[in-house]
Amino acid sequence: MKNRFYLLLMFLATSVLFFSCNNNNDPEEEQEPAVTYIVNYGSYSGAKSTITAYNSETDAVSTDYYKTANSVDMVSNVQYAYNYNGKIYFMGNNTDQVFWVDGVTFKQTENGITTDIVKPRACAGSGNYLYVSCWGGNIWNDETLSYIAKINLTTKAVEKKIALPGGPEGVVVVNNKLYAALNYKDSVAVLNLNNDAISYIATPAVTSYFVKDKSNNLYVSLVSTYSDFSDKEGIGYINTSTDKLEATYNLGGVSTSYVNMMAPNTDFSSLYVMTSAYDAEWNLSGAVAVFDVASKSFKTQKFVEGISGLN
């Protein structure tokens, strides 16, 4: 059974989606997923996360899906979910941990990793390793606390902590390099996985998440935050061969926080980019804008708009 997960941008705050796919023996023929799993974040200081499963073929909805599979509740608030090599990895905070379930049964049969995992944000896999961006503490007071945790998936332990100041958020691996969006520094960090050397790509705003295109180049979200204002909100395009920011495309109100998400359509002709921001009167509004990849421009008409608290 194959498993994938995607972000569905239309869901309101505190939901992340990923899908369980039907068996497909023909790699050229994509099948629509039958089951959508929704991660409900919960409240940082209150209720923990739950999983909702929606079957698009039967219209059936199953709440507390994790509890149904494991007979216990989750004990963390899930910040991010990642499907890799047959397992679904969850970045949990309060309690801080990385834990995982079987991608088919959804059962958790091992304890999560809590040592050297402080405020995990996102992750990316490469070979036998999982690289987790960690804020390391109160990053808003001390930007030097953050790091990348290198988890050995055989020993199920953090093998190394790689210091990375600036609050790494979204991460992606391309050509044996880990690209990390930084939420407290106007840069994208590039970590060479061969020797842990770090270089930086300057950006006109802090960054949040990546989308990798068919040529293994990257779109990155450019975000204006309360602590690091910028009038260059939108998305940027990074050439991973040269590690240069080749272009930026402005889109006002992309986000005023670190939660900005974007996702491509199936043939990568469009990118769907979430906007969610407060106006001068502190009214929160949100929409999903459409970026046309061929023309390198945002379409006038939004995919969906008039949504408050989009996350």
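**Strands and their partners**

Student: In which sense do strand 7 (residues 87-93) and strand 8 pair, and over how many bridges?
Tutor: This model is predicted, so local features need pLDDT of at least 70 and side-chain atom pairs count only at pLDDT 80 or more, while totals for chains, interfaces and linings use all residues. Residues are numbered from 1 along each chain as its sequence is written, and side-chain values use heavy atoms, without hydrogens and water. Strands are DSSP runs (E, at least two residues) numbered from the N terminus, and two of them pair if DSSP finds at least two bridges between them. Strands 7 and 8 pair in the antiparallel sense, over six bridges.

Student: Which residue of strand 8 stands opposite Phe-90?
Tutor: Strands 7 and 8 form a hairpin with three residues between them. In the turn, Asn-94 has a positive phi of about 50°. Across the pairing, the residue of strand 8 opposite Phe-90 is Phe-99.

Student: How many of the six residues of strand 8 (residues 97-102) are buried?
Tutor: Buried means under 20% relative accessible area, exposed over 50%, and partly exposed in between (1.4 Å probe, protein chains only). Strand 8 is largely enclosed by the rest of the structure, because its buried residues number five.

Student: Which strands stand at the edges of the open sheet of four strands?
Tutor: The order of this sheet is 9-10-11-12, with antiparallel pairing.

Student: What is the bridge partner of Val-132 in strand 11?
Tutor: Strand 10 (residues 129-134) and strand 11 (residues 147-152) pair in the antiparallel sense over six bridges. In strand 11, the partner of Val-132 is Ala-149.
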